[in-house]
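Hi,

Here is the structure we talked about passing on. My notes follow below it.

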Amino acid sequence: MSMVAVAAALATSTACSSRDRTASGSATSVEPVTVFAAADLRFALADVARLYRAQGGDSLVLVFGSTGDLTTQIINGAPADLFFAANAPAIDSLASRSMIVDSTRRVYALGRLALIARCPTTRLVSQTADARCPAPARLEDVAASTVRSIAIADPAHAPYGLAARQALERAGLWKAVEPRIVLGANVSQAYQFVSTGNADVGLVALSLVARDTVLGHTLVDAALHDPLRQTVAVMAASAHQDAAVKFLAFLETPAAKEAMHGFGFDEDAR
């Protein structure tokens with residue numbers, strides 16, 4: 001039996017107010033900065049964007065999806081000002097087409113893969129338990145006969161899906177679990193499969209579960225997959241490059257770094 005492909009598009013957008021003020025204090029309408037972002041940033045970047053706006057930063061529109069899908073959209077002319085990919089190759093691909101401002105490219109975080117398991121339905125309904133639903137203690141536990149479905153993002157275009165497959169392959173588990181793999185269109189959807197009880201376990205981004213009050217998680221050994229060097233760049237075709245660079249500069253502030261760390265992101269130590 002081949003892998004079960006679950007086709008679904010998930011691209012969520014959020015927007016802050018498009019009203020800004022000039023230095024003189026008069027209100028003026030400006031176009032927001034359009035930020036394309038990997039689905040693992042769904043919670044973390046939204047949090048950072050709220051901090052940015054609270055400190056007087058420009059309006060942002062956040063568009064989330066799989067890194068591969070967003071890269072394709074940009075190549076096909078989607079009007080992104082800034083792109084937070086979940087890996088480096090996506091930005092490499094755009095750089096080879098002269099589609100980024102090279103001086104703005106950098107690794108903004110190192111991602112981690114986490115193992116989660118669904119909660120019993122009674123637990124989800126009651127929400128009275130104090131402890132989180134436990135995750136499998138070891139990656140090998142996903143191969144147990146009691147595990148009927150394993151959610152991961154589609155490795156064909158999602159870096160966290162590729163990392164999940166690499167981890168299962170390098171642990172010698174892939175052949176045993178492949179018939180039970182359920183593919184999400186992106187890592188956020190893979191997380192939703194488990195959090196809604198539609199998959200037994202999942203290999204997802206730590207950033208999606210680090211602050212989850214219901215699901216516990218177990219970190220996957222980072223040595224089992226290629227590093228997730230999440231990379232960002234301003235788009236060469238952007239009409240709002242100065243505003244995009246300002247948001248990148250905000251990511252270097254202690255407040256933004258603390259927020260990102262809170263969602264489980266590490267800094268690149270290279």
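**What turned up**

Take the contacts between residues at least 6 apart in sequence: 78% of them join residues at least 24 apart. Please keep in mind that this is a predicted model.

First, the overall picture. The protein has 270 residues, and 49% of them count as buried. It contains 10 helices and 14 strands. The exposed surface comes to about 12200 Å², with carbon and sulfur atoms supplying 53% of it.

Start with Asp40. It sits in the loop between strand S5 (33-38) and helix H1 (44-54). Asp40 is buried, yet it has no salt bridge. The nearest side chain of opposite charge belongs to Arg42, and that is 11 Å away. A salt bridge here needs the nitrogen within 4 Å of the carboxyl oxygen.

What does Asp40 touch, leaving aside residues up to four places away in sequence? The list is Ala86, Tyr160, Val187, Ala205, Ser207, Leu208, Gln230 and Phe265.

Asp40 also lines the largest cavity. That cavity holds about 50 Å³ of space.

**Salt bridges**

How many salt bridges does the structure hold? There are 11.

Asp200 takes part in two pairings, one with Arg118 and one with Arg148. In the Arg118 pair, the closest N and O atoms are 2.9 Å apart. Asp200 lies in the loop between helix H7 (187-195) and strand S12 (201-205), and Arg118 in the loop between strand S9 (113-117) and helix H4 (121-126), so this pair ties together parts that are 82 residues apart in sequence.

In the Arg148 pair, the closest N and O atoms are 3.4 Å apart. Arg148 lies in the loop between H4 and strand S10 (150-153), so the pair with Asp200 ties together parts that are 52 residues apart in sequence.

Asp200 counts as buried, at 10% relative accessibility. Arg118 is partly exposed, at 30%. Arg148 is exposed, at 58%.

Glu169 and Arg165 make another salt bridge, with the closest N and O atoms 2.7 Å apart. Both are in helix H5 (residues 159-170), 4 residues apart, so about one helical turn separates them. Glu169 is partly exposed, with a relative accessible area of 38%. Arg165 is partly exposed too, at 26%.

There is also a network of salt bridges that links Asp47, Arg50 and Arg211.

**A backbone detail**

Most residues other than glycine have a negative phi. Ser98 is in the loop between helix H3 (89-95) and strand S8 (106-111). Ser98 is exposed, with a relative accessible area of 61%.

Best wishes

Note on methods: Residues numbered from 1 in each chain as written. Predicted model: local features only at pLDDT ≥ 70, side-chain atom pairs only at ≥ 80, totals over all residues. Heavy atoms only, no water. Helix = DSSP H or I, 4+ residues; strand = E, 2+ residues; numbered from the N terminus. Buried < 20%, exposed > 50% of the residue type's maximum accessible area, 1.4 Å probe, protein only. Contact = heavy atoms within 4.5 Å. Areas by Shrake-Rupley, 256 points an atom, 1.4 Å probe, with all protein chains shown as cover. Lys, Arg positive; Asp, Glu negative; His and termini not counted. 1 Å grid on protein atoms, 1.4 Å probe; cavity = no way out; pocket = protein on both sides within 12 Å on 5 of 7 lines; lining within 4 Å. Points joined across faces, edges and corners; volume = space filled by probe spheres on them.
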